[in-house]
Amino acid sequence: MPSRFPGAIAQDWDTVVLHKSKPKSQDLRDPKAINKALRSGAPVQTVKKFDAASNKKASSSALPAVSARKLDEAAEPAALERVPGEVWQAIQRARLEKKMSQAELAKQINEPPKVVQEYENGKAVPNQAVLAKMERVLGVKLRGKIGK
């Protein structure tokens with residue numbers, strides 16, 4: 001019968017040292033761990049964070065504090081363009097002439113019913129692709145100069 005291990009068997013007498021894993025930073029901030037370290041005399045480091053839990057800039061800052069809203073208003077118009085009155089009225093008239101519901105129109109243009117509802121209420125920001133789909137299904141002109 002053949003042997004299973006072809007070489008000589010030797011023992012390894014080298015020492016193996018096992019170390020504990022370092023504690024996680026969250027565990028070090030635990031009040032129980034801090035109290036234990038203070039009782040045992042271990043060094044405890046405390047750091048005061050500058051403006052911690054404050055949403056205000058430092059008063060000694062060289063740059064003036066500017067709110068995000070002011071930056072947005074300066075770069076972009078405050079209100080977005082909405083669907084003009086004649087456009088949403090034309091959509092509504094054409095849809096009712098074809099005896100369609102908002103859901104049926106939405107299904108034909110492959111959009112959610114909420115989109116058609118927003119266009120007819122004048123709350124939507126006009127999208128040329130959606131208006132083109134509505135023009136095709138309803139057979140009316142919605143883009144460009146209407147009625148002129």
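Biologist: Which residues does Leu142 touch, not counting residues up to four places away in sequence?

Modeller: This is a predicted model, and in it Leu142 touches Val87, Ala90, Ile91, Leu131, Met134 and Glu135, with residues up to four places away in sequence left out.

Biologist: What is the general idea about nonpolar side chains, and which residues have the most contacts inside the largest nonpolar core here?

Modeller: In soluble globular proteins, nonpolar side chains tend to be buried together. In this chain the largest nonpolar core has 19 residues. Those with the most contacts inside that core are Ile91, Leu105, Ile109, Tyr119, Met134, Leu138 and Leu142.

Biologist: Which elements give two or more residues to this core, and which gives the most?

Modeller: Two or more residues come from each of α4, α5, α6 and α7. The most come from α7, which gives 5 residues.

Biologist: How many helices and strands does the protein chain have?

Modeller: There are 7 helices and 0 strands. Of the 148 residues of the protein chain, 16% count as buried.

Biologist: How should I read the packing of α6 and α7?

Modeller: Two packed helices are described by the angle between their axes and the distance between the axes. For α6 and α7 the angle is about 90°, and the axes are 12 Å apart. That angle makes α6 roughly perpendicular to α7, since 65 to 115 degrees counts as roughly perpendicular.

Biologist: Which residues meet where α6 packs on α7, and of what class are they?

Modeller: From α6 come Val115, Val116 and Tyr119, and they meet Val130, Leu131 and Met134 in α7. By class, this contact has 6 nonpolar, no polar and no charged residues. Two of the residues named here, Tyr119 and Met134, are also among those with the most contacts inside the largest nonpolar core.

Biologist: What follows α6?

Modeller: Gly122 follows α6, and the phi of Gly122 is positive, near 80°.

Terms used
Residues numbered from 1 in each chain as written. Predicted model: local features only at pLDDT ≥ 70, side-chain atom pairs only at ≥ 80, totals over all residues. Heavy atoms only, no water. Helix = DSSP H or I, 4+ residues; strand = E, 2+ residues; numbered from the N terminus. Axes fitted to C-alpha atoms, helices over the stretch in contact; angles between N-to-C directions. Parallel < 35°, antiparallel > 145°, perpendicular 65-115°, else oblique. Contact = heavy atoms within 4.5 Å. Nonpolar A, V, L, I, M, F, W, Y, C, P; charged D, E, K, R; others polar. Core = buried A, V, L, I, M, F, W, Y, C linked by side-chain atoms within 4.5 Å. Buried < 20%, exposed > 50% of the residue type's maximum accessible area, 1.4 Å probe, protein only.
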